[in-house]
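The following paragraphs lead the reader through selected places in a protein model. Please keep the sequence and the structure in view while reading.

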Amino acid sequence: MNLPSPLCGDDYYQEVPGSYFTRGEIKDTENVLAYIKGSSIPDEVLVISSHYDHVGVDDEGNIFNGADDDGSGTVAILEI
């Protein structure tokens, strides 16, 4: 789609190490980023973000279920 990456080049993935998280054994993960420069006010930034709701299972087997709709926020971002 010819969207520039805020990370430069063609890298759209911001790596997040599992050690950043404080609960359980979380694997390394990543965020996906893109940047569209505005035409009316190019020096201001509007951030649109979303996340998956499912947290997973902790060391004791407790299940942390996500939202019933399984990713409505991320799907909305793709639609926008």
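A residue is called buried under 20% relative accessible area, exposed over 50%, and partly exposed in between (1.4 Å probe, protein chains only). The model is predicted, so local features need pLDDT of at least 70 and side-chain atom pairs count only at pLDDT 80 or more, while totals for chains, interfaces and linings use all residues. Residues are numbered from 1 along each chain as its sequence is written, and side-chain values use heavy atoms, with hydrogens and water left out.

E15 belongs to strand β1, residues 13–16; strands are DSSP runs (E, at least two residues) numbered from the N terminus. With a relative accessible area of 69%, E15 is exposed. Together with D10, D11, D28 and E30, E15 forms a negative surface patch. Such a patch joins like charges within 9 Å, from residues with over 30% relative accessible area and no salt bridge, a salt bridge being a side-chain nitrogen of Lys or Arg within 4 Å of a carboxyl oxygen of Asp or Glu.

In the segment before β1 lies S5, which is buried because its relative accessible area is 10%. A polar atom of the S5 side chain lies 3.0 Å from the backbone nitrogen of L7. The backbone oxygen of D11 is 2.3 Å from a polar atom of that S5 side chain.

A nonpolar surface patch consists of L46, I48, I77 and I80, with about 460 Å² of accessible area together; nonpolar side chains are joined within 5 Å. Of these residues, I77 sits in helix α1, residues 72–79, helices being DSSP runs (H or I) of at least four residues. I77 counts as partly exposed, because its relative accessibility is 32%.

Definitions and conventions: Accessible areas come from the Shrake-Rupley method with a 1.4 Å probe; for residues, only the protein chains shown count as cover. Lys and Arg count as positive and Asp and Glu as negative; His and the chain ends are not counted. The place of a charge is taken as NZ of Lys, CZ of Arg, CG of Asp or CD of Glu. A polar contact is a pair of N or O atoms within 3.5 Å; within protein, one must be able to donate a hydrogen and the other to accept it, and residues adjacent in sequence count only if both atoms are side-chain atoms.
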